[in-house]
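Please look over the points below with the model open beside you.

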Amino acid sequence: MTVLVVGASGATGSKLVEQLLVQNQKVKVIVRSPEKLPLSWKTNDNLQIITASVLDLSDAEMRTIVSDCDAVASCLGHNLTFKGIYGKPRRLVTDATRRLCDAIKANHPKSTIKFVLMNTTGNRNRDLNESISFAQKCVIGILRLLLPPHVDNEKAADYLRTQIGQNDTYIEWTAVRPDGLINEDKVTPYEIHPSPTRSAIFNAGKVSRINVAHFMERLITDDNLWNKWKGQMPVIYSK
Ligand SMILES: NC(=O)c1ccc[n+]([C@@H]2O[C@H](COP(=O)([O-])OP(=O)(O)OC[C@H]3O[C@@H](n4cnc5c(N)ncnc54)[C@H](OP(=O)(O)O)[C@@H]3O)[C@@H](O)[C@H]2O)c1
């Protein structure tokens with residue numbers, strides 16, 4: 001299969017690309033700075049590198065890029081700099097999600113395309129009755145005011161949940177919710193839950209980016225796992 005990865009130059013996106021390549025999948029990436037990518041990527045025949053800032057692509061360019069893709073994965077996130085957090089684009093993740101989905105739909109693919117969004121346990125799945133404490137509600141409210149990227153993550157998942165929904169003709173989706181991200185070199189045992197089992201604010205767990213990437217790769221390549229989690233927002237913790 002062919003998989004488009006956006007946010008591929010990031011800490012998690014790069015792990016996802018590597019895991020897809022190990023599984024012999026064809027991968028396309030859209031990156032702003034190809035010079036940062038490992039040399040091994042540039043010589044890999046299964047990898048196509050498209051140099052662009054994803055939101056600068058025209059609708060027609062996006063449609064062409066996704067036209068031969070069976071799955072699209074987003075590991076986009078705002079860079080943790082003042083400009084990344086408070087500058088434009090304020091809705092990087094949401095706008096990229098919406099525009100990539102529009103591009104998929106405009107192509108009228110013969111079979112449904114998988115869309116996997118990297119999201120966060122700081123976001124609730126409002127399709128489920130996920131209750132959080134009053135104190136956590138207050139902190140999340142403050143985060144919404146102070147941290148535009150948090151709102152962006154919420155809106156991106158909301159777009160999939162409410163605009164694509166559960167019965168779209170062309171797109172099926174999963175929004176993967178990692179807890180606190182850490183870096184590790186190897187995939188280790190991890191657990192997946194439909195909803196958080198601990199407070200993302202007051203008792204956050206940890207998950208390695210490589211484990212998140214592994215789960216995203218498995219969702220894309222394993223239809224049984226996909227059927228278990230499609231239309232949901234699974235939470236991932238390293239064990
Ligand atoms: N930190 C945590 O504990 C935590 C927990 C749960 C979820 N998350 C979420 O996980 C996501 C990814 O995390 P990460 O650590 O893997 O992210 P990361 O390493 O910062 O990667 C972010 C990616 O987004 C791209 N990007 C940033 N701004 C862009 C722009 N304006 N236009 C196009 N591309 C842009 C970056 O490209 P460049 O390389 O070109 O900059 C990079 O590929 C984030 O959404 C974050 O909110 C984080």
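1. In the contact between helices H3 and H5, Asp 59, Met 62, Arg 63 and Val 66 of H3 meet Arg 99, Leu 100, Ala 103, Ile 104 and Ala 106 of H5. Contact means heavy atoms within 4.5 Å, and helices (H or I, at least four residues) are DSSP runs, as are strands (E, at least two), numbered from the N terminus. The residues of this contact divide into 6 nonpolar, no polar and 3 charged; Ala, Val, Leu, Ile, Met, Phe, Trp, Tyr, Cys and Pro count as nonpolar, Asp, Glu, Lys and Arg as charged, and the others, Gly among them, as polar.

2. This is a predicted model, in which local features need pLDDT of at least 70 and side-chain atom pairs count only at pLDDT 80 or more, while totals for chains, interfaces and linings use all residues. Residues are numbered from 1 along each chain as its sequence is written, and side-chain values use heavy atoms, with hydrogens and water left out.

3. The peptide bond from Lys 88 to Pro 89 is cis, with omega near 0°. Pro 89 lies in the loop between helix H4 (82-86) and helix H5 (92-106).

4. Asn 24 is not a glycine, yet has a positive phi of about 65°. Asn 24 sits in the loop between helix H1 (13-22) and strand E2 (26-31).

5. The loop between H5 and strand E5 (113-118) holds His 108, which is exposed, with a relative accessible area of 55%.

Note on methods
Buried means under 20% relative accessible area, exposed over 50%, partly exposed in between (1.4 Å probe, protein chains only).
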